[in-house]
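Please read the points alongside the sequence and the model.

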Amino acid sequence: MTLPIDQKQYFRLLDDLQLIPKIIENEAEYEHYLAVVEGLIAKKERRTSEENALSRLLIRLIEDYEENTFALDEWSSLAPYEILQHLLDASGTKQADLVGVVSPSKRSYFFDC
């Protein structure tokens with residue numbers, strides 16, 4: 001059950017956070033919304049109904065941005081080794097760094113063989 005929110009409290013929360021929720025348009029806004037949500041999540045049971053409402057809204061906006069920005073659908077046509085190569089390149093990891101982590105005896109933990 002969702003508790004009703006107090007409009008004045010909600011606007012005060014937005015003012016305290018210096019936030020006007022809107023569609024995320026760039027990485028800086030994305031990072032800012034993530035930080036706000038992480039702060040709200042950290043409050044756990046101490047969150048007000050206004051904080052819960054704002055958290056749910058920001059999570060929707062974050063998900064929307066991620067779906068549009070990271071377009072995982074494009075990855076479905078790639079071979080697994082191409083995805084792995086991209087992840088290695090993006091993280092600065094070398095194939096040699098995986099020796100001992102991925103081995104024939106451990107393969108089933110990482111790959112569906």
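1. The crossing of α1 and α3 is right-handed (the near helix is turned clockwise from the far one by less than a right angle). The axes of these two helices come within 9 Å and cross at roughly 60°, the axes being lines fitted to C-alpha atoms over the stretch in contact, with angles from 0 to 180 degrees between N-to-C directions. That makes α1 oblique to α3, since oblique covers whatever is left after under 35 degrees (roughly parallel), over 145 (roughly antiparallel) and 65 to 115 (roughly perpendicular).

2. On the α1 side, Q9, Y10, L13, L14 and L17 make the contact, and on the α3 side E50, E51, A53, L54 and L57 (contact: heavy atoms within 4.5 Å).

3. This is a predicted model, in which local features need pLDDT of at least 70 and side-chain atom pairs pLDDT 80 or more, while totals for chains, interfaces and linings use all residues. Residues are numbered from 1 along each chain as its sequence is written, and side-chain values use heavy atoms, without hydrogens and water.

4. Helix α3 comprises 22 residues, 49–70, and should span 32 Å at 1.5 Å a residue; its end C-alpha atoms lie 31 Å apart, which agrees. (The expected span is 1.5 Å times one less than the number of residues; helices are DSSP runs of H or I, at least four residues, numbered from the N terminus.) Just after α3, A71 takes a positive phi of about 25°.

5. The buried residues of α3 pack against α1 (7–17) and α2 (27–42). One of them, S55, counts as buried because its relative accessibility is 7% (buried: under 20%, 1.4 Å probe, protein chains only). Beyond its neighbours within four places in sequence, S55 is in contact with V37 and L40.

Note on methods. Buried means under 20% relative accessible area, exposed over 50%, partly exposed in between (1.4 Å probe, protein chains only).
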